[in-house]
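Open the model in your viewer and switch to a cartoon view.

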Amino acid sequence: MGTQHATLTRPEPLAGWGSAGRTPVPRLVQWMVTERCGLSCPHCLSSPPSAGSELDLVAAARLLDELAALGVPELLLTGGEPLDRPDLPALLRLIAERRLPWSLNTARAPDREVRAAIEAWPPLFVAVSIDGPEPLHDRFRGRAGCFAEATAAIRYFRGLGVDVAAGTTITRQNLPALGATHALVEGLGVDAWG
């Protein structure tokens with residue numbers, strides 16, 4: 001979930017994309033920066049990390065150069081859990097050096113080292129996973145304390161003046177608590193709920 005939520009249809013063939021009145025540059029590039037994640041969510045599409053699945057910083061710099069040259073208006077970092085990428089501060093510095101606007105999908109608050117990199121070049125938008133009231137959210141995410149981490153993330157990013165959305169994945173497990181989740185999300189002071 002980035003700031004762009006509309007689904008785009010792609011004409012075939014790609015040549016003529018710009019001449020058909022459509023943007024020649026993607027509005028949003030979503031990058032799965034890692035498959036790493038310490039949670040075990042029932043809906044997760046990420047597989048266990050495999051050797052070489054992450055772009056190293058040299059390859060990442062090349063990708064970021066291309067995105068900057070294209071003028072991509074938003075780069076969404078997702079995963080796995082992007083905050084679990086060990087070299088995330090260095091990656092965020094590369095993004096900042098290129099002045100690329102970026103967004104983040106996360107389930108928790110960043111640590112001190114990552115915060116320094118975030119504060120040097122803050123994201124446009126952050127989506128934080130909130131899948132229900134605390135006990136349900138923690139069971140859903142597979143670890144006690146996840147709800148506290150998610151709400152700390154919301155407070156942190158709101159404190160930076162970043163637009164924050166709560167992101168809820170609805171399954172049979174949390175559907176009965178959707179009304180309570182809505183009330184909870186309203187009380188968190190987020191800008192949107194997706």
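The stops below go from the overall fold to single residues.

**The whole chain**

Bear in mind that this is a predicted model. Colour by secondary structure: the protein has six helices and six strands. Trace the elements from the N terminus, and they read β-α-β-α-β-α-β-α-α-β-α-β. Of the 194 residues, 41% count as buried. Now consider contacts with a sequence separation of 6 or more: residues 24 or more positions apart account for 70% of them.

**The sheet**

Select the strands. In what order do the six strands lie in the sheet? The order is β1-β2-β3-β4-β5-β6, the sheet is open, and the pairing is parallel. Go to the edges next, where β1 (29-34) and β6 (192-193) stand. Each has a single partner strand, so one side of each lacks a neighbour in the sheet.

Zoom in on residues 75-79 and 102-106. These are β2 and β3, two parallel strands joined by three bridges. Show Leu77 and look across: Leu104 in β3 stands opposite.

**The nonpolar core**

Show side chains. Nonpolar side chains tend to be buried together in soluble globular proteins. Here the largest nonpolar core has 40 residues. Select Leu64, Leu75, Leu77, Leu92, Ile95, Trp102 and Phe157: these have the most contacts inside that core. Centre on Leu64. Leaving aside residues up to four places away in sequence, Leu64 touches Trp31, Leu75, Leu91, Leu94, Ile95, Arg98 and Leu100.

**The aromatic pair**

How many aromatic pairs does the structure hold? There is one. Select Tyr156 and Phe157: their ring centres are 4.9 Å apart and their planes stand at 70°, so the pair is edge-to-face. Both Tyr156 and Phe157 are buried.

**Helix α4**

Move to residues 134-141, helix α4. Which residues of α4 are buried? They are Leu136, His137, Asp138, Phe140 and Arg141.

Is Pro135 buried or exposed? Pro135 counts as exposed because its relative accessibility is 53%, above the 50% cut-off. Draw a distance from the C-alpha atom of Pro135 to that of Phe147: the separation is 8.0 Å, for residues twelve apart along the chain. Then step to Gly142, which follows α4 and has a positive phi near 85°.

**Last stop: Arg99**

Select Arg99, in the loop between α2 and β3. Most residues other than glycine have a negative phi. Arg99 is not a glycine, yet its phi is positive, about 55°. With 54% relative accessibility, Arg99 counts as exposed.

Definitions and conventions: Residues numbered from 1 in each chain as written. Predicted model: local features only at pLDDT ≥ 70, side-chain atom pairs only at ≥ 80, totals over all residues. Heavy atoms only, no water. Pairing = 2+ DSSP bridges. Helix = DSSP H or I, 4+ residues; strand = E, 2+ residues; numbered from the N terminus. Core = buried A, V, L, I, M, F, W, Y, C linked by side-chain atoms within 4.5 Å. Buried < 20%, exposed > 50% of the residue type's maximum accessible area, 1.4 Å probe, protein only. Contact = heavy atoms within 4.5 Å. Phe/Tyr/Trp six-rings, centres within 6.5 Å; stacked < 30°, edge-to-face > 60°.
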